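Please look over the structure below.

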Amino acid sequence: MTQNRGCTITLEPLQPLVATPCCAHLVEPPHLRVASALPGEASPRTGSSSGNPHQFAAAFASLQGDTLELLSYLQDSELVARFQRGCGLFLIEGAHHGGPGRTRAPTGATGREGKPRGRTRETWDHQDMNSNFQHKENGSAAGDCSGPQYEVRNKIFYFLFLLSAAMGHEVFYITCLPCIHWNLDPFLCRRLVNMWTVVMYIGQVMKDVLKLPRPLSPPVVKLEMRVDAEYGLPSTHAMAATAISFTLLLSAPSRIQFQFEVGLLIAVTLSSLVGLSRLYTGMHSILDVISGVLISALLLFLTYPFWETFDHLQLHSIFSPLVALSLPLFLSYTYPELDHYSTTRGDTTTILGAGAGCSVGYWVNQQLGQTFEPQGVLPVPLPALTADALARGVARFLVGVAAVVGTRQVVSTLSLKMLHSWYGVEKGDSSARRRREIEVPYKFITYTSVGLVNSIVANRLFVLLGLL
């Protein structure tokens, strides 16, 4: 301490120099720090030069958690209920009463951090073993025969989405797909049936392997009950609609003259309507529909380069009929078993049988040299929509549908009688057809016959009647 003219000056001991943001020039440059760090040694600001395993593990765990949270959110039944209400479909309050053991989160509940909560883990575990079959909380309860009680406030959306949903049912496949064969081009129908068979089989198997439940009711209104015992993800309606629409879009330019942009708009519109209809009917979550679309898109991308090769083998190989019949039948018998009865195995056998019959039929037509494909230089113009062409088209449709439906009825009746007699099933035992040894052969034989009639018989019948 020094005194000078009445002023006192205190000298404190010197402190070690510490770098601060305002004196960054006194700190070793970052590039020198990094360069001087030993391999694997963390630097003060940039961390490890070779990466810290713990940091990577933490980042991966965080990403995994965020992904699972997003998937759970997209699977939430409340999102489906909001879409229904936005389209004018409301569940009547008090119409449903939860049964014992129910673990559904309250409507409008939020999870941690105030975020909308998806399906809780308790709910996933509650439904995991056999989806909606054991826990009749969807649509109507186990003892409720009155069906779902709801109010429709927008009839336009109601009929639009019900019609769109019908495009994924058997009635559509058994009428509209053959109609392309009878009135447009058998080549296009063959492509559509091939892709439809592939995507539907993969989608059905994925459902019964993943075993993810359908949306809960309440809060969702269930407008369809036949497939409620099936699992949810992926939506095979969305898969089929995407596959059919875009297979037709990709195959048609080489066969028929049309404006591609218009075809693209139609394909997007139809596939979107079918996907949204699965939300409106309460049969699928948003995750189910998105997954169905993406899986179909991936299958189209992976198979597209091989379509021409497969066409050649399907029509010209001597082994084509054998493979077309034996492989689908094998896949039908080896379909994954569930702990309860579901319509998925029967529906899958129906699809595989129809695809097998069509494939054999197209091979037979090729060998006979009568494929009924458009004549002239391809691509041909679209047929003119005259009164005579319209009348002939309607007549072919009616005759073809009568032939296909008649075949289905006759063959299913005869095959069931033969199988019941073979296995000693009592007459009137309707539950017997759920057994694999009866369900698989009866459906496969029936729909293989339907495919053969569609591809071989129908066009020759049109020629006899003067309709072609």
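## Helices α12 and α14

Q314, L315 and H316 in α12 meet S359, Y362, W363, Q366 and Q367 in α14. Contact means heavy atoms within 4.5 Å. Helix α12 covers residues 307-316 and helix α14 covers residues 344-368. Their axes come within 7 Å and cross at roughly 70°. The two helices are therefore roughly perpendicular to each other.

Some terms need their cut-offs. Helices are DSSP runs (H or I, at least four residues), numbered from the N terminus. Axes are lines fitted to C-alpha atoms over the stretch in contact, and angles run from 0 to 180 degrees between N-to-C directions. Angles under 35 degrees count as roughly parallel, over 145 as roughly antiparallel, 65 to 115 as roughly perpendicular and the rest as oblique.

This is a predicted model: local features need pLDDT of at least 70, side-chain atom pairs count only at pLDDT 80 or more, and totals for chains, interfaces and linings use all residues. Residues are numbered from 1 along each chain as its sequence is written, and side-chain values use heavy atoms, with hydrogens and water left out.

## Helices α9 and α10

Helix α9 (residues 236-251) packs against α10 at an angle of about 175°, with the axes 8 Å apart. That makes α9 roughly antiparallel to α10. On the α9 side, the contact is made by H237, A238, A241, T242, S245, F246 and L249. Among its partners in α10 are F260, L264, V268 and R278.

L250 also lies in α9. L250 is partly exposed, at 37% relative accessible area (buried is under 20%, exposed over 50%, partly exposed in between; 1.4 Å probe, protein chains only). Residues up to four places away in sequence aside, L250 touches Y304 and W307. L250 and L300 are 50 residues apart along the chain, and their C-alpha atoms are separated by 9.8 Å.

## A nonpolar surface patch

L184, F258, F260, L264, V268 and L382 form a nonpolar patch on the surface. Together they have about 470 Å² of accessible area, by the Shrake-Rupley method with a 1.4 Å probe. Patch residues have over 30% relative accessible area and no salt bridge, and nonpolar side chains are joined within 5 Å. A salt bridge is a side-chain nitrogen of Lys or Arg within 4 Å of a carboxyl oxygen of Asp or Glu.

L264 sits in helix α10 (residues 260-280). L264 is partly exposed, with a relative accessible area of 36%.

## E439 in α16

Is E439 buried or exposed? At 1% relative accessibility, E439 counts as buried. E439 belongs to helix α16 (residues 436-464). Neighbours within four places in sequence aside, E439 is in contact with Y341, R345, G346, R433 and R434.

Terms used:
Patch = residues over 30% accessible without salt bridge, like charges linked within 9 Å, V, L, I, M, F, W, Y side chains within 5 Å.
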